Amino acid sequence: MDLTGKSLFIANRGEIAVRVNRAAKALGMTVIQGHSEADADMLAVQLADSAIELGPPAANKSYLDIPRVVAAAREAGADAVHPGYGFLAENAGFAAAVETAGMIFVGPTAGTISRMGDKVAAREAAIDAKVPTSPGSDGRIEGVEEGLKVAANIGYPLMIKAAAGGGGRGIRVAETDDDLRKLIPQAQSEAAAAFGDGGLYIERMVRNARHVEVQILGDGSRAVHLFERECSLQRRRQKVWEEAPAACLSDASRARICEASVRMAEAVNYRGAGTLEFLYEPARDEFYFMEMNTRIQVEHPVTEMITGVDLVQEMIRIAFGEPLRLAQDDVTMDGHAIEVRVNAEDPSNNFMPFPGIVGAMTVPENTRFDTMLYEGYVIPPFYDSLLGKLIVHGADRDAAMDAMQTALDDFRIEGLKTTLPLFRALVRDADIRAGEATTSYLETWLESHEIDAA
Amino acid sequence: MAKQIQSPLPGTFYRKPAPEEPNFVEDGASITVGDTIGLVEVMKTFHEVKAEVAGNNARFQIENEAPVMAGAVLLEMD
């Protein structure tokens, strides 16, 4: 399909706006960049063919203002709207409003977004597609008595989760019946306040969990997987370091989880790029479906590095109606890739945010750096702290770790405090080198390690 | 000269702990050292702004949810 001359409105900012811009340009498209007052000088605006101001710095008055974003895209004559990640990327109302306004939404249908956005409905879809889920309540629990019955079946420890939560929000751990009696009412009222929906469900707590997720591309009828990523290194349930493939999986386990993911994507007629997130319990060699993310993810580059597929270009092609270009056999895996998230945070001072002015930058050779930084750029304080993603590729995991260590040692960004010193320490950690880190590893590690500010 | 409380960080200033809750401090109130007078949200994290000096008749210079630069005067008092 020839997309030359078609126009794409980017309803996002930061590094992902730059990433989407490059994909669109590679397809010959014209790019219109939406931005807040605080983002007029961001890199994605400079790279775009034209730019439109959406509103004041606060995201709820600019990037999250659905009528304003849709009106700006229409006014600019956009053929399609790319939501990036975060902001409105998984907002069914936005997807519907874009389509109602006569434009293409680069992502799944509004119906898929709202179905997968409800954690209980997503879990039910997983069960229907025979995708393994952790033992738990089948659907919402009504109160303490039902919770106690479920707990008697699955055992402690268990997690109480908010049906409308996500990204680690609204989760509580119960070790005993007494905990459960106390936590269910608390969780109910908190979920009602935070998400406008007090619905809860219960799941078994997975021991020594690894975060494994499968990348999917679908065209609404057929889907393929692009293997998996491992993102076990997390702080406050935010990923900081991602790899592809997951070193903890055997070939047989990999085939099992990837095939299950394709099954689910096809069962829900998935369209676009999506990710199924699982917890993997090594001792049982079992996967438990957690959620499906209906957008391009921050860590998509590690998948691109091992498969050679440009996921953002593919999702744009699919959105314009092109059938999936890949058969499953076309997707092959080469070597190992690692990504670290360079955030404007000071790891030697409790990860205090550090919006500042970017000084001289030396980006290491033989790496990919997806970023919105340029020398002299003043980082606005109003948005998240992600500055860019440093990605390396090696023939195997050891080679990729070596490449990451070299790259981190060569990387210089003056003028800012960043998380680079954290990664210089992590890349030298024996357990991480050995591929042994679980989802709780980094939090524990941080309690016993001081990080040099250098 | 009026005493001032400045924002220690750039970001978004909030006068209340949550949208449906009352202000930390009302205009005209007296302030003692250590009182929280507001929050600054910087890169999605919230930091309390505490008074380092005491004073009377607080007069806010910045509206709730307005963007602020580091050093911006949030409040004046006598």
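Student: Which strand order does the open sheet of four strands in chain B have?

Tutor: Strands of a sheet pair through backbone hydrogen bonds, either parallel or antiparallel. In this predicted model, the open sheet of chain B has the order β4-β3-β2-β6, with antiparallel pairing. Strands here are DSSP runs of E with at least two residues, and helices are runs of H or I with at least four, numbered from the N terminus. Two strands pair if DSSP finds at least two bridges between them.

Student: Which strands stand at the edges?

Tutor: β4 (45-50) and β6 (66-68) of chain B each have a single partner strand, so one side of each is left without a neighbour in the sheet. From one strand to the next the twist averages 35°, where axes are lines fitted to C-alpha atoms (for helices, over the stretch in contact) and angles between N-to-C directions run from 0 to 180 degrees.

Student: How many bridges join β2 to β3 in chain B?

Tutor: Three bridges join strand β2 (residues 11-14) to strand β3 (residues 36-42), and the two run antiparallel. B:Phe13 stands opposite B:Val40 in β3(B).

Student: How should I read the numbering and the confidence limits?

Tutor: Residues are numbered from 1 along each chain as its sequence is written, while chains are lettered from A and ligands numbered from 1 in the order in which they are written. For this predicted model, local features need pLDDT of at least 70 and side-chain atom pairs count only at pLDDT 80 or more, whereas totals for chains, interfaces and linings use all residues.

Student: Into which domains is chain A divided?

Tutor: Domain bounds come from an automatic or database domain assignment. Chain A has domain 1 (7-106), domain 2 (135-204) and domain 3 (210-448). The C-alpha centres of domain 1 and domain 2 of chain A lie 37 Å apart.

Student: Which residues touch the most other members of the largest nonpolar core?

Tutor: A nonpolar core is a set of buried Ala, Val, Leu, Ile, Met, Phe, Trp, Tyr and Cys residues joined through C-beta atoms within 7 Å. A residue is buried if 20 or more other C-beta atoms lie within 10 Å of its own, exposed if 12 or fewer, and partly exposed in between, with C-beta atoms placed from the backbone. Of the 144 residues in the largest core, those touching the most other members are A:Ala44, A:Val81, A:Phe278, A:Met315, A:Ala337 and A:Met404. Domain 1 and domain 3 of chain A both give residues to this core, so it lies between them. A second, separate core of 15 residues includes A:Ala151 and A:Leu200.

Student: At what angle do α7 and α8 of chain A pack?

Tutor: Helix α7 (residues 144-154) and helix α8 (residues 177-195) of chain A pack at about 145°, with their axes 10 Å apart. Residues are in contact if their C-beta atoms, placed from the backbone, lie within 7 Å. A:Val144, A:Gly147, A:Leu148 and A:Ala151 in α7(A) meet A:Asp177, A:Leu180, A:Arg181 and A:Ile184 in α8(A).

Student: Is A:Lys130 buried or exposed?

Tutor: A:Lys130 counts as exposed because it has 10 C-beta neighbours inside 10 Å.

Methods: Two residues are in contact if their C-beta atoms, placed from the backbone, lie within 7 Å.
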